[in-house]
Amino acid sequence: MDDVAALLKRFKLEIYITAFETNGYDDLAFILQMDATQEEQLIKDVGFKPGHAAKYRDYIAVERILTPMP
């Protein structure tokens, strides 16, 4: 969960750390491999405000490019 929390802090979305953990989104590798449908479910489950959801989508897309996956 530490890596997810660090990511959210970098995105300036740290207010959602508890919601990520509560909803079981605690594995960064899994989050980075989500498809669009799964990502939209995460956004709904976590309760992102619309502007924060847009910010998250943009930032996570860049993060996927920058983070090599095994």
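Which residues make a nonpolar surface patch of about 340 Å²? The patch is made by V62, I65 and L66.

1. Basis of the note. This is a predicted model, in which local features need pLDDT of at least 70, side-chain atom pairs count only at pLDDT 80 or more, and totals for chains, interfaces and linings use all residues. Residues are numbered from 1 along each chain as its sequence is written, and side-chain values use heavy atoms, with hydrogens and water left out.

2. The surface patch. Patches consist of residues with over 30% relative accessible area and no salt bridge, with like charges joined within 9 Å and nonpolar side chains (Val, Leu, Ile, Met, Phe, Trp, Tyr) within 5 Å. A salt bridge is a side-chain nitrogen of Lys or Arg within 4 Å of a carboxyl oxygen of Asp or Glu. Accessible areas come from the Shrake-Rupley method with a 1.4 Å probe, and for residues only the protein chains shown count as cover. L66, one of the patch residues, belongs to helix α5 (residues 50-66); helices are DSSP runs of H or I with at least four residues, strands are runs of E with at least two, and both are numbered from the N terminus. L66 has a relative accessible area of 63% and is therefore exposed (buried means under 20%, exposed over 50%, partly exposed in between, with a 1.4 Å probe and protein chains only).

3. L32 is found in helix α3 (residues 28-32) and, with 7% relative accessibility, is buried. Between L32 and I65 there are 33 residues in sequence and 9.5 Å in space, C-alpha to C-alpha. With neighbours within four places in sequence left aside, L32 has contacts (heavy atoms within 4.5 Å) with I60, E63, R64, T67 and M69.

4. Aromatic pairs. The whole structure holds 7 aromatic pairs (rings of Phe, Tyr and Trp, the last by its six-membered ring, with centres within 6.5 Å; planes under 30 degrees apart are stacked, over 60 edge-to-face and the rest tilted). F11 and Y56 are edge-to-face because their ring centres are 6.3 Å apart and their planes stand at 70°. This pair links distant parts of the chain, 45 residues apart: F11 is in the loop between α1 (2-10) and α2 (17-22), and Y56 is in helix α5. Both are buried, F11 at 4% relative accessibility and Y56 at 1%.

5. Y59, in helix α5, is 48 residues from F11 and counts as partly exposed at 38% relative accessibility. One aromatic cluster is formed by F11, Y16, F20, Y25, F48, Y56 and Y59.
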